[in-house]
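Please read the numbered points with the model open alongside.

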Amino acid sequence: MQSKESHVSIEEDLGALKQAEADFFDQTANVRTLFGNIPAEADMRRATRSIPKVPGQPHFDPKMDDILEGSYRDRFIASVAHRPRGRVLDVCCGPGWLALELARHGQTVDAYDLSPQAIALAKRMLSENPYKDGLVR
C-alpha cells in the first residue's frame with residue numbers, strides 16, 4: 001500500500017513530466033511559426049513549406065512526409081471517416097491538421113494536446129481556414 005506522501009510525489013513527478021512535454025512542444029510550435037509560416041503539420045491545404053532558418057529547428061522526416069502527403073494519408077482519413085457524422089478522438093493533435101481533415105470529411109472531432117501553443121495554433125487554423133466546405137461544427 002502506498003503512503004500518502006509517495007502518492008503525492010508520484011503525482012508531482014507526473015505533473016513535472018507533463019509540463020516538460022508541453023514546454024518542449026510549445027517551443028517547437030513557436031519555432032515553426034516564428035516567421036509567420038503555417039507549418040505543414042498545422043493544415044496540409046494551406047501550409048507553407050518550412051525551410052529551417054533557425055539553428056536547431058526541427059527538420060521534416062521524409063518518411064513522415066510520404067505518409068502525410070501520399071495516398072496513405074487519404075486511405076487513413078477515408079478509413080477513419082467511413083461513417084457519416086461519426087465522432088473521433090484526436091489525442092496529441094498538435095496543431096490540428098488531422099482534426100481539420102477529419103472534420104472536412106464530416107466527422108465531429110474532439111482534439112487534445114498537452115501543448116497550449118499547439119492548441120492555440122489548432123484554434124487559429126480552424127478560425128482562419130478558408131476551406132470550410134464539409135466542415136462539421
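The points below go from the overall fold to individual contacts and backbone details.

1. Basis of the note. This is a predicted model, in which local features need pLDDT of at least 70 and side-chain atom pairs count only at pLDDT 80 or more, while totals for chains, interfaces and linings use all residues. Residues are numbered from 1 along each chain as its sequence is written, and side-chain values use heavy atoms, with hydrogens and water left out.

2. Overall architecture. The protein contains five helices and two strands, and from the N terminus on their order is α-α-α-β-α-β-α. Helices (H or I, at least four residues) and strands (E, at least two) are DSSP runs, numbered from the N terminus. Of the 137 residues in the protein, 33% are buried. Here buried means under 20% relative accessible area, exposed means over 50%, and partly exposed lies in between (1.4 Å probe, protein chains only).

3. The strand pair. Strand 1 and strand 2 (residues 108-112) run parallel and are joined by five bridges; two strands pair if DSSP finds at least two bridges between them. Between strand 1 and strand 2 the chain passes through helix 4 (residues 97-104), and this β-α-β crossover is right-handed. That term applies if, with the strands pointing away from the viewer, the path from the first strand over the helix to the second runs clockwise. Within the pair, Leu89 stands opposite Asp110 of strand 2.

4. Four salt bridges are found in a search of the whole structure, the criterion being a side-chain nitrogen of Lys or Arg within 4 Å of a carboxyl oxygen of Asp or Glu. In one of them, the side chains of Arg87 and Asp110 meet at 2.8 Å, N to O. This pair links distant parts of the chain, with Arg87 in strand 1 and Asp110 in strand 2, 23 residues apart. Arg87 counts as exposed because its relative accessibility is 61%, whereas Asp110, at 23%, counts as partly exposed.

5. Arg124 forms a salt bridge with Glu128, with 3.3 Å between the closest N and O atoms. Why are Arg124 and Glu128 separated by about one helical turn? The reason is that they are four residues apart in helix 5. Arg124 is partly exposed at 29%, and Glu128 is partly exposed at 42%. A further salt bridge joins the side chains of Asp74 and Arg73 (3.5 Å, N to O). Asp74 is partly exposed, with a relative accessible area of 43%, but Arg73 is buried, at 18%.

6. Aromatic pairs. Two aromatic pairs are found in the whole structure. Rings of Phe, Tyr and Trp (its six-membered ring) pair if their centres lie within 6.5 Å; planes under 30 degrees apart count as stacked, over 60 as edge-to-face and the rest as tilted. Phe24 and Phe25 form an edge-to-face pair, because their ring centres are 4.9 Å apart and their planes stand at 80 degrees. Both are partly exposed, Phe24 at 47% and Phe25 at 37%. The rings of Tyr72 and Phe76 are stacked, since their centres are 6.5 Å apart and their planes are at 20 degrees. Tyr72 and Phe76 both belong to helix 3 (residues 71-80), where four residues, about one turn, separate them.

7. A nonpolar surface patch. Leu89, Val91 and Tyr112 make a nonpolar surface patch of about 340 Å². Patches are made of residues with over 30% relative accessible area and no salt bridge, like charges being joined within 9 Å and nonpolar side chains (Val, Leu, Ile, Met, Phe, Trp, Tyr) within 5 Å. Val91 lies in strand 1 (residues 87-91) and, with a relative accessibility of 53%, counts as exposed.

8. Backbone points to inspect. Most residues other than glycine have a negative phi, and most peptide bonds are trans. Arg85, although not a glycine, has a positive phi of about 60 degrees; Arg85 is placed in the loop between helix 3 and strand 1 and is exposed at 62%. Cys92 likewise has a positive phi, near 60 degrees. Cys92 lies in the loop between strand 1 and helix 4 and counts as exposed at 62%.

How values were computed
Accessible areas come from the Shrake-Rupley method with a 1.4 Å probe; for residues, only the protein chains shown count as cover.
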